Amino acid sequence: MVAFIVSPIAPEIAEIVRTTRLAPEYGHPVHEELARGTGPCRECLRAFTVGAERRLLFTHSPFTGTSVLAQPGPVFIHADACVRHDGTGYPDGLQSIPVVAQVYHEDGTIAEPRRLPPGAESAVLAGLLAEPRVRFAHLRHAEAGCFIARAERVAM
Ligand SMILES: [Zn+2]
């Protein structure tokens, strides 16, 4: 099985959001609330505890500086500093979240979004990323559609 990493948003972005309360590159005010949904947090890649944890909502582009079409959208992070997800493979914290993978090819074309079946997320994602023409995949919430994280192959 191909090895891959799932990368959260850059730590600098989370830092700017928490300190300035403005969305980096957009300037929209950040909205703070008690979690009304599971998210997940785009930094630690874990589901929010509904009604218990505070979260920040802001506008984010997964393509800033790398694509003609930036596709900005709403994302959440924990209001308080959390431990950024690290390591290879599918994050444990995303197991409870419905996720689709959107695959981007080396030639710039995009594949149909593919639902990652519960319990087989890692195997299916590894299979998608094993294709040589695949450059990376974006993981998005299967119901809300918003960007969660970026997945790509790594050499082991
Ligand atoms: Zn977090």
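This is a predicted model: local features need pLDDT of at least 70, side-chain atom pairs count only at pLDDT 80 or more; totals for chains, interfaces and linings use all residues.
Entry 1. I began with the total. The count comes to 7 salt bridges. I then went through some of them by residue.

Entry 2. I looked up Arg-54. Its side chain meets that of Glu-32 in a salt bridge, at 2.8 Å from N to O. Arg-54 sits in strand E3 (residues 54–60) and Glu-32 in strand E2 (residues 31–34), so this pair ties together parts that are 22 residues apart in sequence. Arg-54 is partly exposed at 39% relative accessibility, and Glu-32 is partly exposed with a relative accessible area of 32%.

Entry 3. I moved on to Arg-55. This residue forms a salt bridge with Glu-33, and the closest N and O atoms are 2.7 Å apart. Arg-55 belongs to strand E3 and Glu-33 to strand E2, so the pair ties together parts 22 residues apart in sequence. Are these two residues buried or exposed? I noted both Arg-55 and Glu-33 as buried, which means that each has under 20% relative accessible area.

Entry 4. The relative accessible area of Glu-131 is 34%, so I put it down as partly exposed. Arg-133 is also listed as partly exposed, with 46%.

Definitions and conventions: Residues are numbered from 1 along each chain as its sequence is written. Side-chain values use heavy atoms; hydrogens and water are left out. A salt bridge is a side-chain nitrogen of Lys or Arg within 4 Å of a carboxyl oxygen of Asp or Glu. Helices (H or I, at least four residues) and strands (E, at least two) are DSSP runs, numbered from the N terminus. Buried means under 20% relative accessible area, exposed over 50%, partly exposed in between (1.4 Å probe, protein chains only).
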